[in-house]
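Take a look at the model below.

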Amino acid sequence: AYGPLLPGPPMSGPGVVGGAYCFDGIDDNITIPPSWSLNFGCSPFSVDLWVNWTPSATPSFVSIIGQYAGAGGWVFGIDET
């Protein structure tokens, strides 16, 4: 359980599986710099993701995690539309 959300970067804490981050829903994000170890190419990979979501007042697509550059990539998100 987290306390009130405060301005600033995401807060870290315990999660359902391993660690977790709590975002304020306004402008928080985590950016991981490009790395060859994260270049999956066409190889199989998995993502473990649990989201406690509060719908926004204006439905839209919200990117949760992804890697996209130029001609292709992948994105997992929530489509509220």
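What percentage of the 81 residues of the protein count as buried? The figure is 6%. Keep in mind that this is a predicted model.

Start with the secondary structure. The protein has zero helices and four strands. Along the sequence, the pattern reads β-β-β-β. The exposed surface comes to about 6900 Å². Carbon and sulfur atoms supply 61% of that area.

Next, the largest pocket. It holds about 2200 Å³ of space. Its lining counts 47 residues, and F23, I30, L49, I64 and I65 are the closest to the centre. Which strands each supply at least two residues of this lining? They are β2 (19-22) and β3 (61-69). Strand β3 gives the most, with six residues.

Finally, turn to E80. This residue lies in the segment after β4, which spans 72-79. Is E80 buried or exposed? Its relative accessibility is 18%, and the cut-off for buried is under 20%. E80 therefore counts as buried. What does E80 touch, leaving out residues up to four places away in sequence? The partners are W53, T54, P55, S56, T58, P59, S60 and V62. One of them, V62, falls within the range of β3 (61-69).

Notes: Residues are numbered from 1 along each chain as its sequence is written. This is a predicted model: local features need pLDDT of at least 70, side-chain atom pairs count only at pLDDT 80 or more; totals for chains, interfaces and linings use all residues. Side-chain values use heavy atoms; hydrogens and water are left out. Buried means under 20% relative accessible area, exposed over 50%, partly exposed in between (1.4 Å probe, protein chains only). Contact means heavy atoms within 4.5 Å. On a 1 Å grid over the protein atoms alone, a cavity is a set of points where a 1.4 Å probe fits but cannot get out, and a pocket is an open set with protein on both sides within 12 Å along at least five of seven lines; lining residues have an atom within 4 Å of a point. Grid points are joined across faces, edges and corners, and a volume is the space filled by probe spheres set on the points. Accessible areas come from the Shrake-Rupley method with a 1.4 Å probe; for residues, only the protein chains shown count as cover.
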